[in-house]
Amino acid sequence: MTSAPAVEFQGIDKNFSGVPVLRAVTFSVAAGRTLGLVGENGAGKSTLMNILGGNLRSDHGRMVLAGQPYAPGHPTDASRRGVAFIHQDLNLFSNLTIAENIFLTSFPRLGGAPWIAQRRLHTRTTQLLHDVGLDLAPDTPVERLSTGECQLVEIARALSVDARLIILDEPTTSLSARETDALFALLRRLQAQGIALIYISHILEHVRQLCHDVVVLRDGAVVAQGTIATFSTAALISAMVGRSLTQLYPTRHGAATGEMALEVKAVSQPGIVRAIDFTVRRGEVVGMFGLMGAGRSELARILFGLEPHASGEISIAGQPLAHADARRRIEHGLAFVSDDRRHDGLCLHASIADNLALVSLRSHARGKFKLIDRTGWQRAISRIREAVRLTAKANDDQPVQTLSGGNQQKVALGKWLLMSPAVLILDEPTRGVDVGAKFDLYQLMLDLADRGSGLLVISSEIEELIGICDRILVMSQGEIRGNFRRTEFNRETLLTAALPRETQT
Amino acid sequence: MSDAATARSWRATAARVLFSDYFVLWLCVVYVAVVAPFTPGFLTLENAGNLLATLLPLFVVALGQTLVLITGGIDLSVTSIIGLCSITGALAMNDDTGWLARSPMAMPVGAGVMLAAGALVGGFNGTAITRFRMPPFIVTLASMMGVSGAAVWLTQSKTINRLPDAFNALGGKTTIALVIALVVGISVHVMLSRSMFGRWLYAVGHNARTARVSGVPVNGVILGAYICSGVLAAVAAILYTGQAETGSPVLGQRILLDVIGATVIGGTSLFGGRGKVLWTLFGVLFLKLVDNSLNLLSLSLFTLTIVKGVVILLAALLDSLRTRLGPADR
Amino acid sequence: MTHPMKFFLRVCLLAACTGLVGCQKSETTSAGTAGAKPLTIGVAFETLQTEYWVAGFEAIKADLKKRGHTMLEAVSDGDTNRQFDQVKNFITRKVDGIILVPKDAKTCLPIIKAANAANVPIVLFNRPADKSDAKSVAVVADNFALTRETVAYLVSEAKKAGRKHKAAILIGDLGDINAIGRRDGFDAAIKGSESVVEVVARIPTEWNQEKAQAGLVNALQASPDINFIFTSSDFLLPSIVSALKTAGKYHQIGMPGHVILGGFDGDATAYQLLKDGYLDATGVQDVYFEAAQCIQAVIDLRAGRTVPDLIRDPGFVIHQANLQQKAAQMWGAQMSKK
């Protein structure tokens, strides 16, 4: 690569109220190459990308974009200079059509008049959708699209403004394996067209598959960089964490007891799940694997009483629950960590203490007026904090929002600890969580199981299920398609079981 | 470097003042210091008494509004509830036609009837909002219209006086009104800061979905907030009616802006999840200080309304600043 | 036209238009007190939402200014408790007297009591308080007498026209003592002249323009020969004009098919209709007289003189014949000149 780098960071420094978050960050990305940017949450990746995108300004240092000095004052400066962002939380308007989303700020006009050139809009969108390999009509409303398809629409939007540098932030977290493959194929085509990519992800296999180069950030500084081939995965992890992790998963000590924790019999809800039958014993860790749209999250919500089911029976600790609401199920010993942390798991603006105490509040209420026993409450909170190994830097009154993803997840899980649930359902418990925190979360889950809770862990990551579960159920098309014991665990078998029937070969 | 350090410490001080519980109280002090020199009669004991008498009932209604705002809702019907309670209470216990006329129990039973009427309307609001998932704004707007219509219809728009002296004293004697407001204020404070219901209110306001998933009886909590708001509006109706010594269906009909304005000035968020009794007290104090001083200056109604509108807008601006710059977003 | 110079002067000095009687009285009796020491008077109005109240407010303001007194103003916008605050604020500011337009006859009693307790004279403008031990003076229009006089004039016009007339009356909100006085005045004037004027429609309006218009349209359909209409307030005149136009019965005085039309209040619309020759007569509340009487009552009370609890504004009937002469005293005429 002899041409000028697509983007160059030269000694970028950034402080937030006196705390350095970026320190002399220097690296470059060549046109037509993909750079993997990895690091734990809080390492400074988002801050750096915000500076690149014009949301923040660096205190020192400069950026060079395609040979020209680059100092965006505003996000529009970035898009005008051909820098496009594909965010983890997709920024699409679900009520608008694909075409409207792509051209929201740059509708093709009829001459200079404020009328939209419908036909041109249609043909340009069709072309862009073809480029990203999406076979959909331009006037499809975005709300009908899957997450993977939305991702592709975002990329189409980037292409529509002739982006020369595309930044992807955790693009695969909510994609199925097939969608991931399609995305990677598209990204490789973009590389071939000379577009530079910065790919941010916790999933190191994906970084390895896709990227040419890698930069590791830790505590705001570049601690390692080079072509990806020169790093082993273990080396990447130890660079990120700052110590070498000898194992990714904690050792399992306990085992399932005979006592039944959760029994699901023939649960059906038309169009969502069909004839679901399974059990979780006390002390058992049961995994549930499946592709996006297999009905796992929907099943979890049905089990917790957040969504209705037409038929079937659910019992917790031997007690049948007819159609009790979530509150009654909690009283029966059911706990649930949703995959949607922001909406179902946490009160983001409320303090750590309030979040941790929410579930067990009732046990601290005293007297006729249900006044809270403050000392007991305080003691309980510090006990949970210790148990979940929450970062010591945060104080109890701090809003949960200020915590990193991993620590937020610890709070979301921690609030259930005090009730010692009979069954804990976890939906994607480690999504968006960095490597170090993942280990803590696994440890926490296994500890719970050892103390007699039954766990149902829903995940799209086969590796982690194999790492921590006693048994894995595979779901596909709303049905359970397999039940594998530890000795039968095998990536290929599990994946095959998870594939929808008609595409099975 | 040292410049940056001073700037930082200055900003830290500013932030501490802005986020302090007593921010609005400071604002009050500054306002008094600025306005007192050219406002005749502002710093007199007599005026302090007047101020207190008008502040107390507003504080009590605003407390109800605070509870509702904490859940992320809004209660536009409070002023109509005041009118309805005023007229039902007066109908029950006036000396001429009331069924409690001249009974020794007229005062307690009449007050009880008023509180019940407030709870009833609050219960209706809460039920409509939780059972039928209607937006609080529309529900309480509708009940504002319906309830004030009913209040006017009950007496064909007439006012009723000749109420028992014992009842009139509740609002008319500032010391008694002060005791009532203090008891109400302290109860609500304890409820918010110390009780399970209080913690639930905040949780529902922060994120109702999370609260539901965490086993909080969300609908019950919201219903409770609206019932409290109705009852507190009824308490305010007792104070207002006692002051006027007359039951009127249009009593308090014009104070909705004051109620919501004072609550928001205090720092209670319109977006839910934040609010305190002390904040609301200071908000009411600030609004009433502005009102009282402008009255003493004998400004015309138009000027007064404009100035008050500007003050409330500024307070809303401060609120959004606090939300935006708050520790929550750092 | 006998006193063109005097007329001109009166028009120029809007503030001076306090009515002959009032003027003379104030100049003779108040010379001693008012000249000695300028007073501060608090003026608290319940509303400024209709022209009549604005006219009253302006009249009091101008009169006080002319006499060299200071005025503190407060408008409570329909809120009784707020008015209470405002009056208490007046007392805090140690005013020498209070002129009050209360929201209604009852809710003002604690306000009056507060003024009594502070020993500040309080005079009610145009709305009296209910009887109680609270002491106040009220200046009010004599609704009954003035309406009777106005309608008597209309009846005499009907007699002149000769034929038998069918009459309609638009009645106000019967919760309002003024509306009752005007209805009774109307009935008293018609009594004895049934051979000339027969009342065929009594239209309740509840002081609502839409109701008035709908009611009149219905009445005109039921009895198309209605040719005599009295409205209890001039502010309903636009609705009447509209209904008459729809029925094709809107004609000037003297034209065939003219409907004899009378009103009460003396607002700007009434003045315009008088000038244009559509309105026969209206009973004018003498705002300037009432303003002067209020101020005079405050001054007299301060001086320890006895003042009757109720001061009546006799008002006057304005009609085609005395329009030029009386226009200067008609508040509506002054408002329309502004």
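Here is a short chat about the B–C interface and an aromatic cluster in this predicted model.

Colleague: How many residues of chain B are in contact with chain C, and what area is buried between the two?
Modeller: On the chain C side, 26 residues take part, and they meet 34 residues of chain B. Carbon and sulfur atoms give 48% of the area buried there. The total for chain B and chain C is about 2,600 Å².

Colleague: Which residues in chain B lose the most area to chain C?
Modeller: Three of them together make up 21% of what that side buries. They are B:Arg254, B:Asn295 and B:Leu301.

Colleague: How far apart are the closest N and O atoms of C:Arg82 and B:Asp291?
Modeller: The rule finds three salt bridges across the interface of chain B and chain C. The cut-off for a salt bridge is 4 Å. C:Arg82 and B:Asp291 form one, with their closest N and O atoms at 3.7 Å.

Colleague: Over to the rings: why is the pair of C:Phe45 and C:Phe57 edge-to-face?
Modeller: Ring centres must lie within 6.5 Å to pair, and planes over 60 degrees apart count as edge-to-face. For C:Phe45 and C:Phe57 the centres are 5.1 Å apart, and the pair is edge-to-face because the planes sit at 80°.

Colleague: Is C:Phe45 buried or exposed?
Modeller: Buried means under 20% relative accessible area. C:Phe45 comes in at 0%, so it counts as buried.

Colleague: Which residues do ring pairs link into a cluster with C:Phe45?
Modeller: C:Trp53 pairs with C:Phe45 edge-to-face, their centres being 6.2 Å apart. Besides C:Phe45, the cluster holds C:Tyr52, C:Trp53, C:Phe57, C:Phe125 and C:Trp331.

Notes:
Residues are numbered from 1 along each chain as its sequence is written. Chains are lettered from A and ligands numbered from 1 in the order in which they are written. This is a predicted model: local features need pLDDT of at least 70, side-chain atom pairs count only at pLDDT 80 or more; totals for chains, interfaces and linings use all residues. Side-chain values use heavy atoms; hydrogens and water are left out. Contact means heavy atoms within 4.5 Å. Buried area is the accessible area (1.4 Å probe) that two parts lose on being put together, summed over both. A salt bridge is a side-chain nitrogen of Lys or Arg within 4 Å of a carboxyl oxygen of Asp or Glu. Rings of Phe, Tyr and Trp (its six-membered ring) pair if their centres lie within 6.5 Å; planes under 30 degrees apart count as stacked, over 60 as edge-to-face and the rest as tilted. Buried means under 20% relative accessible area, exposed over 50%, partly exposed in between (1.4 Å probe, protein chains only).
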